[in-house]
Amino acid sequence: MTETLIPAGSTVGALQIRPLLDPLDNRILLGHALGLSRVSLITQSERVLTPAEAERLSGLLARRLQGEPIAYIVGQREFFGLPFEVNDAVLIPRPDTEVLVELALERLPPGGRVLDMGTGSGAIAVALAHTRPDAVVTALDVSSAALAVARRNASANGVNITFMASDWFEALGTEKFDLIVSNPPYIASGDRHLAEGDLRFEPAGALTDHADGLSALRSIVSGAARHLATGAWLLMEHGYDQAASVRGLLADAGYNKVQSWRDLAGIERVSGARLG
């Protein structure tokens, strides 16, 4: 039985005057529980909740008060202007990663072949395929549960993507691409952030490499050359303090035009380079 946080008979308007949560979170959950848009929450302010609606909303609020991310509770998050299904099998797409998509779009040639490694919800691959329908997009992940979510997101957003189950480059054979992108696990094992906020609820294997935070990035840098066409780019998202290390990995592996780019907060968030 759900704890009764919201008594039956409460009105939509009253629930927005003294919310139990941050006003934005409260509005999202109230709209989700009642099936109302933001505008309807205003125009139907006198609507009275039924006992079933009050119980449903109480359940959602209780989950949020325990720290569960809003995106998992409502099952969706927007990324690059597109809706994405999310659940606890995948990371929640974040605005910082849109920088990686923008950089990729600038470097993807007409009809280009692009590989998204560790696709998770499919956010990067779907955003690329949706913006550039001429592109040939392949996305891989080692998690079958994540691939199931990614396939649904590709279908829901009307794009064609080839999905593969693969531990990094393992299943690719000799295939080559005009661009490789990745947002791999890059949080070091034991990092305090893994026990804080939304990260507590997200899949650990998509967040941390269970090592120094650079092992997945090393694997990508060392293996990508075999799968990049001449002049193709490799672009990777990484942690706030890893840009110099990733540039070092790329330089040591013989890549050219090694550089990093900043996210909206001014943090070096993406590093990359060209092959040849």
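How many bridges join strand β3 to β6, and do they run parallel or antiparallel?

1. Four bridges join β3 (residues 113-117) to β6, and the two strands run parallel. Two strands count as paired if DSSP finds at least two bridges between them. V114 stands opposite L179 in β6. Strands are DSSP runs of E with at least two residues, helices are runs of H or I with at least four, and both are numbered from the N terminus.

2. This is a predicted model, in which local features need pLDDT of at least 70, side-chain atom pairs count only at pLDDT 80 or more, and totals for chains, interfaces and linings use all residues. Residues are numbered from 1 along each chain as its sequence is written, and side-chain values use heavy atoms, with hydrogens and water left out.

3. Strand β6 is also joined to β7, by five bridges, and these two run parallel. I180 has L234 in β7 as its bridge partner. Six of the six residues of β6 are buried, so the strand is largely enclosed by the rest of the structure. Buried means under 20% relative accessible area, exposed over 50%, and partly exposed in between (1.4 Å probe, protein chains only).

4. The loop between β6 (177-182) and α9 (204-207) holds N183. UniProt, in an unreviewed entry, lists N183, P184, P185 and Y186 under "binding site"; such annotations may be inferred rather than shown by experiment. The lining of the largest pocket takes in N183, P184, P185 and Y186. A pocket is an open set of points on a 1 Å grid over the protein atoms alone, where a 1.4 Å probe fits, with protein on both sides within 12 Å along at least five of seven lines; lining residues have an atom within 4 Å of a point.

5. Y186 lies in the loop between β6 and α9 and is buried, with a relative accessible area of 15%. Leaving aside neighbours within four places in sequence, its contacts (heavy atoms within 4.5 Å) include L207, E237 and R269. On the same terms, N183 touches E237, and also T97 and M117 among others.

6. In helix α11 (residues 243-252), A243, V246 and L250 are buried. Seen down the axis, the buried residues fall within an arc of 70° , so they line one face of the helix; the arc is that of the directions from the helix axis to the C-beta atoms. The face turned away from the buried side carries the exposed residues A244 and D252. The buried residues of α11 pack against α10, β7, β8 and β9.
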